[in-house]
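Me: I have a structure open and would like to talk it through with you. Could you take a look at it with me?

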Amino acid sequence: MKHAAGTTQNAGGRTKKQLKWLVAMVAAVATLLSGGVIASANPSDPSSSGSSSQSAQRNNKVGTQGDPEYQFLNFSQSVYGVDGANPTALKPGDKFTYQFNLGCSETNCEDASLADQLPAALQGFAIIDFTVSSTLQANVQWKEGGVNQPSRPATVGAGTSFTLTPGQQFVSDGTNKTGLVVGMNGSVGLTLQVPANFSASDPRNKTNFVNSATLSASNSKSVTSSATAKVSIDQKLEAKGTASFDPANTQYVAGAAQVLKLNVTNTSNIDADKVIVQIPQDAQAGANATSLDTNNPFRFFDFDSFGATVMPAGATQVQTDAYVKDGTGKWNWVNGVAASAFALPTGVSASGVAGLRFTFSGGTMAPNVATASPIILNLKQRSTDRNDASNSPLAGLSTSSSVSPIVEANAAKGSQTGVPTASAPATVTLSPNQLNVTVSESFDPARHPAGNKAVGTVVITNGNSAVAKMEAKVGSGFFSSDIQFDGFKEGITYTAGADSGTVVYHMLGGGPDQSVTFANGAVPALPTGDISSFTVKFGSTPAGGVADPIGSGANASIRFTVKSSSAHSFPAGQTTQDITDANTTAKVTAYNTATASATAPAATMTLVKPQILVSVNKTVSPSDAVPVEHQAVVGFSESTSANTDYLQPKVITVEDSWVNKTIDGSGTIHEGTSSDPNNFWNVFDLNAIESTPIPAHTKLTVSVNLPGVGWVDLDSKAEQNASYMYSLGAADLKTKLGAAHSGATPDQVTGIRFKLEAQGSNNAFAGSTSISQYVSFVARDQKRDGSGPTDVLDNPGPQRPTKYDYGNTTSLATSGVTDDGHVVHSNALDADATNQKKVGIFTFNNPDPHIGHDFYGVNDWISTTFTGSRRFRGSNQCRGLAVRQESHLASQLGCQLGHGFRVGQAVRRCGGLSGCGCAQRSVA
């Protein structure tokens, strides 16, 4: 803009300068409050400047708007630690923040932007947070290697930078602009975190991280500000070792194995090229080393060998030094040589070692690198104390002894060596043998019929201390002339650690004992004569310095057979008797002759008088009304007791015939001398054998009774490996019957019998056995004995079925055999003393020739279906017809002309309607 000449111009110039003074003062105060650099208070005074050592100095030349040689930007950068961290002495994991303060004075700063290229030395530092004052209304663009990134990166890369563009809006020369509005200051915070694995050996350790950022605008000089952070970690060299014993508590047992485990970790914060671990820490050498330290574990243990061991990661070789006694009786260290495997120094014997030192080298071992697995030192317990001959033998001590060695460890790098560190003590305790043993006894089955055998089981278990011998004595006061030992059920396996086995038989009634030896897993030979008890002994032989080879927890199982007599005399009035063995004992003996004994809890075997408990039941379906010439199914169900103490049957025979039967108190079944006219067999004919389940391994024989002939076998089936369904249809039954007896027909049969015989290895039916048979019969219209129809017409009035008895005709006979060969018989009867079991036969009252008596049809033994419809002519022709609903069915009755009747309702008339049709429809 051109100005008018003369005073006007001067006056105008003075006015502008005065305004700029006022604006500058306001901006300076605003900048100071926002944390920025204070601009020069006097544009014409070169001595006025900002006070922050890291703040950009504003050019003190007064300018005009749009003149880029003037500085209107206010910018400073600082750094501070988060959560108390020192930004100039940061540690791994510490957080720190670079703080940027932005502002503009005197005039709006157009197109302002903040650019920061982060130092490459910060690579790997996590970017925890990036905060921007909302007043800046800024956009941020992150870049990596000059390439735009979609979002803020998680960590600083090799070329990470960001550009922040404030978006404050204003109008300049009539144009909308963005940038920094004068007096509207803001701040930006960039929070970083030192990597947790930043080590003292990192080349960036103790170097300055100088971050320089530049704030620029199109109408102002750019301003650059820097801030410095630093990670400062002091280097240290050290290692830590640990030790443990397995087991940590043991007994005095010369030659017993012991494991000493060592671990070592490079706990330096820099790489180490050597890591050293030594046990025990106190292993002095020289003229004064005439005895071992009190806590030296090699007082009581000899070194035996190195176990499987892996060196720390980075190490490729190990030098093993040994602490041994020299020819002058002094303890000294003998150094080994570095090798790829653990090995004692040349000339050093394993049993002479009283300390070990390992130096791992050959590579770089990073901080916190430890042995991948413990250094395994296999030891063996000594019989003597290296320090004190009075403590020998150790096994003779009556008090415990403990040692608690300390492990020493260190690390080195080049010529630098750390300060040795000591571990917590690792303790191992040796105690006098505390012998103990347990024993138990049981019988299976514990309750069984006299005459059967049972298996006794005795288990002996050694306690916490190793021993040389174990034994068990069984049967004292238990075996007798009636309850007898019947040999061992199976071979006897030696208890772990034993190498011999002997059985000593103690004879019943006195006489010298009989001893037999047996091989491991073999069945010992039987004695000659009856015994009162027996003792099983397990022995061992000391070997390899181990005096007591039978270890803690070693056990043996002894199984033997006990037999009794079926003629056993039970106490008066009793059918059971308990036989108890309360004297079974066990004993263990150590090499030093110490012993311990135990008695088993009493074991009881209960004898039961031999008997078989069985039951039988007969059912008929349908039972209330079976139409003449239609079928009914008879079911026979037999069951044995679920109690295992009862004798299991080998033969089961169920029989049903045309004679009534009774059973007396002794279980004997008596048959009547004549056929009962009211008996089921007088009004039904045998038709077929329906699907009947047969157990596996069972022989089946089916017989029938023919008048004047007796029982003849109708069919038989050999045993099968699996259960199956047996049936015999009407045609096949008729054919087989004719073959069994010439000319015989089903309507002549007056009895049926099923005989089931258990086969196979068990040769007996199991307890809780249930067996059923199903036979279909046809209702006769005339009684078998010729005394008239089976159901007389009830006319007038509704027809009612005639009832017949079907109880007292079914008998069950069983037999079983005890183990000593005694045969036991047991019978049962489907008794019906009050004749409650009845079945009805029904004849249709049918005066109309169009109505047949086959109104119902039986198609099998469990469902009844309608076979057709009949029309009734006249108004009163349904009288007497009763409709009954059978189980398994839903029935409906109705008149074709719409008059309905309920199921079970006696139909007396069809409403006087000519041509009414009544029918029953049944749906299963």
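What follows is a short chat about the disulfide, a sheet and the nonpolar cores.

Reply: Gladly, and please keep in mind that this is a predicted model.

Me: How many disulfides does the structure hold?

Reply: There is one disulfide, and it joins Cys104 to Cys109 with an S to S distance of 1.9 Å.

Me: Which hand does the disulfide of Cys104 and Cys109 have?

Reply: The torsion about the S-S bond is about 85 degrees, so the disulfide is right-handed.

Me: And are those cysteines buried or exposed?

Reply: Cys104 is buried, with a relative accessible area of 1%, and Cys109 is likewise buried, at 0%.

Me: Switching to the sheet, what is the order of its three strands?

Reply: The open sheet runs S3-S10-S9 with antiparallel pairing; strands S3 (109-110) and S9 (168-172) stand at the edges with a single partner strand each, so one side of each is left without a neighbour in the sheet.

Me: How many bridges pair S9 with S10?

Reply: S9 and S10, the latter covering residues 175-180, pair over five bridges, and Gln168 has Gly179 in S10 as its bridge partner.

Me: What about the largest nonpolar core, which residues have the most contacts inside it?

Reply: That core has 89 residues, and those with the most contacts inside it include Phe96, Phe100 and Leu190, while strand S2 (residues 95-104) gives the most to this core, with five residues. Apart from it lies another core, of 49 residues, with Val628 and Leu733 among them.

Definitions and conventions:
Residues numbered from 1 in each chain as written. Predicted model: local features only at pLDDT ≥ 70, side-chain atom pairs only at ≥ 80, totals over all residues. Heavy atoms only, no water. Pairing = 2+ DSSP bridges. Helix = DSSP H or I, 4+ residues; strand = E, 2+ residues; numbered from the N terminus. Core = buried A, V, L, I, M, F, W, Y, C linked by side-chain atoms within 4.5 Å. Buried < 20%, exposed > 50% of the residue type's maximum accessible area, 1.4 Å probe, protein only. Disulfide = S-S within 2.5 Å.
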